[in-house]
Amino acid sequence: MPKAVYADLSRCIACHACELACERENENSRISLQVVRDLAAVPVSCRQCETPLCAVVCPGEALNYGDSGLEYDSEKCTGCRLCVLACPFGTAELRAGVMERCDLCQGKETPACVATCPAGALFCAEAESIGGNIRARRAERIKKALASPASAGRRVNR
Amino acid sequence: MKESTRMLVPEEEKCIGCRACTSACPEKLITFSEEGNMRSISFPANCGTGCELCELCELCALACPENAISFIFPEGESENVEKQTLDFELVSCQKCGTPFATIRELEKVRTAISEKVPLPPKGDFWVELCPGCRQEVFRERQAEALIRERTV
């Protein structure tokens with residue numbers, strides 16, 4: 001499975017920092033966060049499908065699925081919107097006549113949204129590793145919480 | 001004798017009403033409008049702005065995913081100089097009711113993806129939802145477990 005941005009929803013605090021980070025990096029935000037029934041915040045971006053249906057319908061060869069995953073060439077996009085209609089998650093969007101989707105901030109080690117998330121809710125991983133990933137991250141947090149606290153600046157312990 | 005002007009001919013049987021041509025035309029000569037559950041695309045009879053570039057440009061034809069646009073040089077008197085308008089019925093989103101795509105667009109998408117993934121039964125299929133509602137449904141499904149946890 002290709003890598004994608006995933007969210008540990010129990011950690012998301014709905015601060016929208018991911019959207020701002022994406023906007024800084026890509027001009028428009030390709031990740032969108034909304035709060036569902038006042039109870040859970042859910043960020044959604046391109047799922048980087050294993051069988052990308054957007055590429056299946058693309059007539060102009062702008063979207064191609066190759067060995068290195070889904071490739072997108074905006075120069076070849078004709079703006080026919082068929083990818084928008086084929087995306088099961090509604091994350092392909094047309095902006096200024098061409099399609100826009102998350103490319104995991106190509107060229108960067110970590111996508112901007114993941115690097116920015118102050119709650120540590122977002123991570124970029126392959127689907128198979130997610131269960132283990134969440135467990136490992138949780139264990140890490142517990143370990144940190146149990147460890148003796150680091151000295152906190154000038155605060156005097158009573 | 002006046003040279004014959006190149007005419008733009010959209011093929012009604014092929015056109016799916018996707019509007020790629022409307023955004024491809026540098027002179028914005030192809031226009032579209034939506035009213036209720038109908039979308040109309042208007043094509044000029046020719047691109048006659050008089051400039052040479054317009055006589056060579058084929059960007060709309062190149063953008064068309066269905067190769068529905070061709071250019072002809074009519075012999076003698078061109079009888080049809082009226083612009084041509086094609087009308088398309090729109091499909092409404094099963095969730096919010098907003099018309100979001102033409103019947104033909106969705107048919108094309110459905111056929112293309114049916115070759116890759118098995119199609120779920122009608123009535124419970126994301127193709128029948130507008131992109132916004134697809135995202136909403138996905139969001140709700142993702143949050144389901146957490147919401148249950150937080151409600152109790």
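**From one cysteine outwards**

Mentor: Leaving aside residues up to four places away in sequence, Cys83(A) touches Cys54(A), Val57(A), Cys58(A), Leu63(A), Ala92(A) and Met99(A). Contact here means that the C-beta atoms of two residues, placed from the backbone, lie within 7 Å. The model is predicted: local features need pLDDT of at least 70 and side-chain atom pairs count only at pLDDT 80 or more, while totals for chains, interfaces and linings use all residues. Residues are numbered from 1 along each chain as its sequence is written, and chains are lettered from A, with ligands numbered from 1, in the order in which they are written.

Cys83(A) belongs to the largest nonpolar core, which has 46 residues. Such a core is a set of buried Ala, Val, Leu, Ile, Met, Phe, Trp, Tyr and Cys residues joined through C-beta atoms within 7 Å. A residue is buried if 20 or more other C-beta atoms lie within 10 Å of its own, exposed if 12 or fewer, and partly exposed in between, again with C-beta atoms placed from the backbone. The residues with the most contacts inside this core are Cys54(A), Val57(A), Leu82(A), Cys83(A), Ala86(A) and Cys21(B). A second, separate core has 26 residues, including Cys12(A), Ala21(A), Cys22(A) and Ala40(A).

The meeting of the chains comes next. In it, 29 residues of chain B are in contact with 28 residues of chain A. On the chain B side, H1, H4 and helix H5 (131-151) each give two or more residues, and H5(B) gives the most, with 13 residues. That side divides into 17 nonpolar, 5 polar and 7 charged residues; Ala, Val, Leu, Ile, Met, Phe, Trp, Tyr, Cys and Pro count as nonpolar, Asp, Glu, Lys and Arg as charged, and the others, Gly among them, as polar.

Within helix H5 of chain B lies Arg139(B). Arg139(B) counts as buried because 23 C-beta neighbours lie inside 10 Å. Sequence neighbours up to four places away apart, Arg139(B) touches Gln34(A), Val36(A), Val42(A) and Val44(A).

On chain A, the loop between strand E2 (32-36) and strand E3 (40-44) holds Arg37(A), and Asp38(A) is found in the loop between E2 and E3 as well. Arg37(A) is exposed, since 10 other C-beta atoms lie within 10 Å; Asp38(A) is exposed because its count within 10 Å is 8 other C-beta atoms. Most residues other than glycine have a negative phi. Arg37(A), however, has a positive phi near 45°, and Asp38(A), not a glycine either, has a positive phi of about 60°.

Key: Helix = DSSP H or I, 4+ residues; strand = E, 2+ residues; numbered from the N terminus.
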